[in-house]
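Take a walk through this structure with the model open beside you. Begin with the rings, then follow the helices and strands.

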Amino acid sequence: MSGPPKSISSEDNIGRCTDLVSFTNRLEQVIHSVLLRMDQDNRLHKRLPTTLRLAVCGPRYSDRQSRQCRISHAMLRQPADVRQQAVLDTCMDLFWKMTESPFLVTVINVAVTNFVTAVTPLNRLTLKNRDKCSMNMQDSSSLERNQGKRNKPTVHIYDNVCDIGGSRQYSEEVEEIQMRKAHENEHENENDELKTIFSPADMFCCKMCGVFMPKFCEDAHIRYHKFDHNDE
């Protein structure tokens, strides 16, 4: 697979080592090699490990044991000699968790793994600016939504025109109201015409529908309402 390695390790075959001083010297060499490669990886991929692992083998390879622990980026950013000693002390702590004195070691392996992006003052500022920019964008979009709610077009209804947000559009509801009023005016005009033809004494006003008509139409008009009521 392409991409940076998931771990960096170095291994050394030290024969049949039973002396603590010799073991420590060989372990220092292995650690130095791992730290050099880790620095090269950091310059290339801008990342640092979070886990340190030590593995040793006894007389047989099947006797291989390993221990690991977390390491801080603060320790890895120390000066070279301070960092080297800190990693050596950590590896010795892991070593004594795996074996007791006297010991016999044939192979030493040191590895660093679980890499994460290294947080430096520069990219810390970049991350802070990115978060601030993201918050500003969220605030801006929220403000636009609120302004959109406040700037909804106002609806004004005139005699026969509906004005929405300053642009007038014909409203069907307004037209329907106007037609109903015109129809009522027609009936009133018809009643006025009948009043001019017949005298009030010759007129009949229906209590059910309010229509004026000559008295000789009264019986027929009442029967009409009765038939209409029976049909319902």
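**Rings, helices and strands**

The structure holds five aromatic pairs. Rings of Phe, Tyr and Trp (its six-membered ring) pair if their centres lie within 6.5 Å; planes under 30 degrees apart count as stacked, over 60 as edge-to-face and the rest as tilted. One aromatic cluster is formed by Phe23, Phe95, Trp96 and Phe103. Another ring meets a charge: the charged end of Arg47 sits over the ring of Phe115, 4.0 Å from its centre. Here "over" requires NZ of Lys or CZ of Arg within 6 Å of the ring centre and within 35 degrees of the ring normal.

This is a predicted model, where local features need pLDDT of at least 70, side-chain atom pairs count only at pLDDT 80 or more, and totals for chains, interfaces and linings use all residues. Residues are numbered from 1 along each chain as its sequence is written, and side-chain values use heavy atoms, with hydrogens and water left out.

pLDDT is the predictor's confidence in each residue, from 0 to 100. The chain averages 77, and 61% of the residues score at least 70. Over residues 157–170 the pLDDT is below 50, yet this stretch has 32 contacts in the model beyond near neighbours in sequence. A contact means heavy atoms within 4.5 Å.

The chain has six helices and nine strands. These are DSSP runs numbered from the N terminus: helices are H or I with at least four residues, strands are E with at least two. Of the 232 residues, 28% count as buried. Buried means under 20% relative accessible area, exposed over 50%, and partly exposed in between (1.4 Å probe, protein chains only).

Start with α1. This helix has 26 residues and reaches 36 Å from its first C-alpha to its last, close to the 38 Å expected at 1.5 Å a residue. The expected span is 1.5 Å times one less than the number of residues. Buried residues in α1 include Phe23, Leu27, Val30, Ile31 and Val34. An α-helix has 3.6 residues a turn, so residues three or four places apart point the same way. The buried residues of α1 pack against β1 (7–17), β2, α2, α3 and β4.

Now turn to α3, residues 80–98. Its 19 residues should span 27 Å at 1.5 Å a residue, and its end C-alpha atoms are 27 Å apart, which agrees. Among its buried residues are Arg83, Val87, Leu88, Cys91, Leu94 and Phe95. The buried residues of α3 pack against α1 (20–45), β2 (47–57), β3 (65–70), α2 (73–76) and β4 (105–117).

Val112 counts as buried because its relative accessibility is 2%. Val112 and Pro49 are 63 residues apart in sequence, but 5.9 Å apart in space, C-alpha to C-alpha.

Some backbone details remain. Most residues other than glycine have a negative phi, and most peptide bonds are trans. Asn114, in strand β4, has a positive phi near 55°. At 43% relative accessibility, Asn114 counts as partly exposed. Lys46, in the loop between α1 and β2, has a positive phi near 55°. A cis peptide bond joins Ser101 and Pro102, with omega about 0°. Pro102 lies in the loop between α3 and β4.
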